[in-house]
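Here is a friendly tour of one protein model, taken a region at a time. Keep the viewer open as you read.

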Amino acid sequence: MYNVDKIRRKEYSHLNKTSYLDYGGTTPYAKSLVDETARLWKSGLFGNPHSHSASSILATEYVDRARSQALQFFHADPEHFDIIFVANATAAIKLVGSCFQEKSFWYGYHRDSHTSMVGLREIASGGFHCFNSDYELGKWVDSQKEDASLIPVNGNGMHPRAKNSSPPKLIGYPAQSNMNGHRTPMHWASRIREVARSREVYTLLDAAAYCSSAQLDLSDPDAAPDFISLSFYKIFGMPDLGALIVRKSSSAILKSRQYFGGGTVDMVLAYDHFHAPKNESMHEVLEDGTLPFHSLIMLDLAITLHKRLFRSMDAISKHSSQLALNLYKDMSRLRHSNGQLVCEIYQDSNSTYGDSITQGPTIAFNIRMANGAIVHYDHVGVLASACNIQIRTGGVCNPGGIAGHLHLASWEMRRNYCEGFRCGEPFKVRGGKPIGIVRASLGGMSSQNDVDTLVSFLQHFFVDDQEQNAQYQKSFEKHQQPFITKQIQIFPVRHCLGWKLPANQPWEIESTRLAMDGDWCLVDLRDEKVLDDLSATKRLSIDLDIKLGKLYLQGIVHETSCQISVDLWELPKGEWLVDSLEQLPSQKYRLARKFTPSDIEEFLTALFGYPVTLARFYEFPKDLPIDLSFEKCPIRYAAQGIKVQFLEDNRRPDVHIVLCPRDRKLIHCQKNPRSLQFGTQTLVHANSIEEKFQDQNLGVVAQFYRRSDDAETSVSQNTSIRSSDLVLASWLDPATGEEATFGELHFCPVVGCGEKGDDYSRLIEHLTSHAKSFIPPHGKKWRGKIRQLACF
């Protein structure tokens, strides 16, 4: 083992003023590497390796030395392997994909694959499949041994009929998940090769995350993957360079690419269709243009220095694995006073902390409050950065791992995108499910102090050690009456018939409406206005399928029942509809945009007998996407509120919810209930509702809003209701603070704070102010200016 404290003092002094826990992003670079590289650069002249001058020959010597050193570092015999230098691991993956693309290949990839690995599916014209787990991929491999055609699975997990000429197949998987550090079985490459025998089945290993803290051992070429992508900055900190390691016996398919760049041909004719590619080595064929030779000079020095400091990658693996185990144990012990775990750790079922074979030194987690609510990962990142703790938060470029461990269905992720989620930006917790994580990753330079600092940070800001008040359900009071939900419906397309929710279908309540209520509208193309003629719109009926992500428009055309489907999460790209402009109670604006597919317009035009199309509303906090004169284009106020009817007889067609007294007798029938306890959600009566909605024959009809939240809780993060929920109506006036707040509120997650507001930037500013109360363990408070960054 090595003395990490001594190495940090000498080579990584900048780490002693912070707690760096983002080795999954990059490894810090050593001071000597910069000094020695600068000294070498200043001592000589290095020319372009494609020339034959003295300076070029000198640069070529260092490039060749770096190539040899790199192969040796990974125990790769040059007789069996070649290394192609590229910009980064993503460039290596893309290079493999571009070569395979011309072969119409089929692609299978592991769920834990990095975004760059997933991206290869877009050029896999032979089809693709995402393997959901180690078990599924292993089972697929084993199932092929008796199948002469090695049939792939399709997206539904079925086996399509084999063709006479099967395309090449590429299996991509990470050596280590960049999300949670799970390490996949090393025997897959040899097993796939054994099963495939003479057929064209190749393996692509993404080793970028793995190589930062473990030895990539290619000493057995028969057990090695065909292609391996990696980034050197994740190992040495610098240079910013990547590589593709190629198993020579599998390299023929890479040589078949048609594109050629400078330095990869022996001759090329500009006027005639002829070129002669180089063929002595793979790197000569695939390294397009001039190599980053100054970076390769640094790489040569980096490998030498790394061996001198840490002796071996095995030593780093042992060191970082032990620290990760310590961190995992400490985080697992953190509990609130009510017994609720503070950290929800996303560990793969096949991984064990402390076992470097199955688990890397990475912990992916979220923080839960004592009430069960998730602390927003962006809030954690902001506060950690203000406390000079460097961690990674967000989706970490691992869509499959995020979806799997956070139990996010594809339709939920598409819904989030439709509602404004974008990579690198904060987003609310929907349905009780976060859309990102906090990641702490360790490496060769990490210390126990780094571990203790993070644990102390979590303890200081997020552990609630105050006794919680017991929660209990009160018995019915005189002013309360239980109701049964007879119907919940929404009106997805404005001024059209409603869609009744299936039994027990959970549905979210927003502050002033049911989710998706009024998200679409019909457009009369004759005058470019919203079609609100109820005598016409009743011809169109609506159906929804959430899991399939479809909005169905149905109607009778020429005495025939017809239907067309629209992608439920599609954001149209047509013209903006000026007539649709409206203002919400939150002061935001909504404006509809027309769909462009011709089949939608053709169907609706045939149904109504005149030109009609569909549009969808977008929400804008401030600036509109087009210039509008509010004097010429007056703003209407959006129809908001949840309309509830309290007797099921003679149901009104325009109400959202129909309730019936459980004992069939309505108390206080001449007055609207002031609030509804609908499952976990509280709805408050809108005082502005006109009393004309109260009718003895139709029952009491009233309009409600969702009560604003006093604090962030599991209830505020999962606002779903079901028809099976118990509903309690109360005729007492709501307590102070129970009126509706139409803007989205943001809450400070620091225990005991309670700060909230609708301005996100102000909350972030407030959040960083808490950093002054944090004193790291094992030393005095860090001094100097702290960068207040949101590490999304």
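What percentage of the 792 residues of the protein chain count as buried?

## The chain as a whole

Of those 792 residues, 52% count as buried, where buried means under 20% relative accessible area, exposed means over 50%, and partly exposed lies in between (1.4 Å probe, protein chains only). The model is predicted, so local features need pLDDT of at least 70 and side-chain atom pairs count only at pLDDT 80 or more, while totals for chains, interfaces and linings use all residues. Residues are numbered from 1 along each chain as its sequence is written, and side-chain values use heavy atoms, with hydrogens and water left out.

The protein chain holds 21 helices and 36 strands; these are DSSP runs numbered from the N terminus, with helices being H or I of at least four residues and strands being E of at least two. Among contacts in the protein chain with a separation of 6 or more, 70% are accounted for by residues 24 or more positions apart. Contact here means heavy atoms within 4.5 Å.

## Two helix pairs

Start with helix 3 (residues 54-73) and helix 12 (residues 293-310), whose axes come within 8 Å and cross at roughly 45 degrees. That makes helix 3 oblique to helix 12, on a scale where angles under 35 degrees are roughly parallel, over 145 roughly antiparallel, 65 to 115 roughly perpendicular and the rest oblique. Axes are lines fitted to C-alpha atoms, for helices over the stretch in contact, and angles run from 0 to 180 degrees between N-to-C directions. The crossing of helix 3 and helix 12 is left-handed: a crossing has that hand if the near helix is turned anticlockwise from the far one by less than a right angle, and is right-handed if clockwise. The helix 3 side of the contact includes Tyr 62, Arg 65 and Phe 73, and the helix 12 side includes Phe 293, Asp 300 and Lys 307. By class, the residues of this contact are eleven nonpolar, four polar and three charged; Ala, Val, Leu, Ile, Met, Phe, Trp, Tyr, Cys and Pro count as nonpolar, Asp, Glu, Lys and Arg as charged, and the others, Gly among them, as polar.

Next come helix 14 (residues 377-386) and helix 17 (residues 448-462), packed at an angle of about 115 degrees with their axes 12 Å apart. Their crossing is right-handed. Val 380, Leu 383 and Ala 384 in helix 14 meet Phe 457, Phe 461 and Phe 462 in helix 17, giving a contact of six nonpolar, no polar and no charged residues. Two of these residues have another partner: Leu 383 and Phe 461 are in contact with His 770, as are Cys 748, Val 750 and Cys 753. His 770 sits in the segment after helix 21 (760-769) and counts as buried, at 17% relative accessibility.

An open sheet has the strand order 21-22-23, with antiparallel pairing; two strands pair if DSSP finds at least two bridges between them. Strand 21 (541-545) and strand 23 (560-567) stand at the edges with a single partner strand each, so one side of each is left without a neighbour in the sheet. The twist averages 25 degrees from one strand to the next.

Eight bridges join strand 22 (residues 550-557) to strand 23, and Tyr 552 stands opposite Ser 565. Helix 19 (residues 598-608) lies across both strand 22 and strand 23, running at about 35 degrees to strand 22.

## An enclosed strand

What about strand 25 (residues 589-594)? Six of its six residues are buried, so strand 25 is largely enclosed by the rest of the structure. Tyr 589, Leu 591 and Arg 593 cover one side, and Arg 590, Ala 592 and Lys 594 the other.Strand 25 is joined to strand 24 (residues 576-583) by four bridges, running antiparallel, and to strand 26 (residues 612-620) by six, also antiparallel. Trp 576 stands opposite Arg 593, while the bridge partner of Leu 591 is Tyr 618. Strand 24 and strand 25 form a hairpin with five residues between them, and Gln 587 in the turn has a positive phi of about 75 degrees.

## Backbone details in loops

The peptide bond from Met 238 to Pro 239 is cis, with omega near 0 degrees. Arg 311, although not a glycine, has a positive phi of about 70 degrees; Arg 311 lies in the loop between helix 12 and helix 13 (313-333) and is exposed, with a relative accessible area of 61%.

Technical notes. Lists of a residue's contacts leave out its neighbours within four places in sequence.
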